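Please read the following account beside the sequence and the coordinates, taking one chain after the other.

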Amino acid sequence: MRHSRRIVLLWTGIASGLSLMPRFVQAYPLSAAADGLAARLRTLIVDHAAARRLGRLYIRQVPAEDDPRTLARLTLALPETQQADAIDLDHNSLRVRLDARVREDFASGATVQLDGWVLSRTEARLCALCR
Amino acid sequence: MFVDAKKLSKNFSIDVDVCIVGAGAGGITLARDLASRNRTVALFESGSFEYDADTQALYSGAVVGHDFTPLDRDRLRFLGGTTNHWGGSCRPFDALDLADWPIGLDVLEPYYRRAHEICQLGPYNYDPADWSTEDARPMPSNAGANLKSGLFHYSPPTHFGTVYRDDLNSTDGLTVYLNANLIDIETSDDADRVTGLKLACLDGKQFHARARHYVLAAGGIENVRLLLNANRVQKVGLGNQFDQLGRYFMDHPYIIGGATVLADASSPEMRFFTMRAMRGSVVAGHLCPTDEVRRREHLPPFAISIFTLNGTGAEPAPFALPQVLRRNLSEERANQIDFYLSRLVAELEKPADWLFNKVWREPPGTYTTLYICGPDPDPQSRVMLGDGVDALGMRRIKLDWRLPDNFEQQMQRAHELLGQDLGRAGLGRLRIESSATGHDPMQNMNHGHHHMGTTRMHNDPHRGVVDADCRVHGIGNLFIAGSSVFTSYACDDPTMTIVALALRLSNHLKSLAT
């Protein structure tokens, strides 16, 4: 229970903070938008230590994705031009979109094994963003 | 009635309609059913009512292949046979399981229904949806899912020698000879008919039996030994003219701890895996591959049951989850898993409010799996005559059990498919254990003590020992009952199928007699 409160507080705190700094990123070039999206996605993970460990394993399996911008783009499967819009999504909308991606991965067999864990490729990429 | 063969007069002779050798699930079922239709039956049991070490020692033999339980411990040689230590799990073969058999599910199903009663089970209904409750329901069977829910019914388990003892004693026309060991099968000169059985007690007394029909129901290993030892006319053993006898031996390999599952312990889907008593039956859910997945992935039939590791939301596990579990899936390990991954998995799974309300109010459940499969038939996996003889002068057996080289890969793939389905259903995540994760499940490999396939049923005598009627190819009046006739093995405890096949054989013998 102690952990749970900490996680929820951390999570909602970060999410609230992000909601206060929304639209300026839209004015940025595409590469900056990708950076912004990557940062935004990282906030969805609270336990970065665990994610880092799995993320490193994923990059070892797929070195071609060893780039936060690539990972951010692939995680939500967005064209570059729509990345900035995704940064504007509120926390729950982002989660819902991510959740749908995760389900699609599992349904289509787009899974990876990291340290034995069968994870969706989207989850693995999310972890890799936390390295 | 029961007769102690030790008390028979010297050179006593028996003459009946049907002689049956072996009083286990198959032999007892067949004997009772035939006798109830006015056939005279002699049922020969090597042991007596209780375990006896000298009799049990007749089962000794050598193991030369894959690790296997010593042959004199893997089976039981007294009234009721190996049902005296069976687990009770029951499920009929499905149509795909029987694809290579000369008979289909439509033929077997009526006998399965009767077998259900004999195995003291509740209603014959294996549709998981029909066993749903508010608290326990099968995983959603979405299109494209890899696995489908299945159901095991659990017999008390029925110890056939105990449960049917009074019936065996009182049924007209049925005599059970205890301490009666088959030592030779006598045939015509061209071995196309059995002419009599030669039997002996451990004290040396011998006697004879004659019948119109003879049935070996002595178990998947012993049936072979009896036929191979009967080699006075057919030198390679009776029914072995095409070198098929003893081949295709299989047991069900199973592994506890092939994967760790983290899931919401309060979900009805996870509770469906626990053993529950309802509607006069005891049932537990499991998962098995869809037909499409089995074909696409070239996987053997398998079933995965899921058990709680930390006890969250759990009822007692359906099996005696033994030291294996405690040794390899300890509390320390569960804590370790929780420490670095359960939070992550929960985070990934649902939004924060859901987490708070659903998951973090209780810790996520930690589960382990039991994987059991029926590998493809392998002619090199076999029972042969070995060195040495037993107390009756019969040559002992030698077992060379072989498993496919890709057994571990198949198990891992099965768990990967389960992991995908758990993720798809939003129920949790799964970790495939291996030597790389520090918990090599292959070290926990065990087998179901189910001896199958050694006198397999096939229309072609070059590919099997008995025909679709369980008659030994080339011999007009010799039949086999039991799991040795299985053409392939599914992944189920064979007892209910043994009983169903015995009932079917009984029908066939009755038709011949009339």
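**Chain A, then chain B**

Of the 131 residues in chain A, 38% are buried, where buried means that 20 or more other C-beta atoms, placed from the backbone, lie within 10 Å of a residue's own, exposed means 12 or fewer, and partly exposed means in between. This is a predicted model, in which local features need pLDDT of at least 70 and side-chain atom pairs count only at pLDDT 80 or more, while totals for chains, interfaces and linings use all residues. Residues are numbered from 1 along each chain as its sequence is written, and chains are lettered from A and ligands numbered from 1 in the order in which they are written.

Chain A has seven helices and two strands, these being DSSP runs numbered from the N terminus (helices H or I, at least four residues; strands E, at least two), and along the sequence they follow the pattern α-α-α-α-α-α-β-β-α.

In chain B, three strands form an open sheet of mixed pairing in the order S4-S17-S16, two strands being paired if DSSP finds at least two bridges between them. Strand S4 (61-63) and strand S16 (382-389) of chain B each have a single partner strand, so one side of each is left without a neighbour in the sheet. S16(B) runs antiparallel to strand S17 (residues 395-400) of chain B, joined by five bridges, and B:Arg382 has B:Asp400 in S17(B) as its bridge partner.

Turning to the loops of chain B, B:Asn38, between helix H1 (25-36) and strand S3 (41-44), has a positive phi of about 65 degrees although it is not a glycine, and B:Asn38 counts as exposed because it has 11 C-beta neighbours inside 10 Å.
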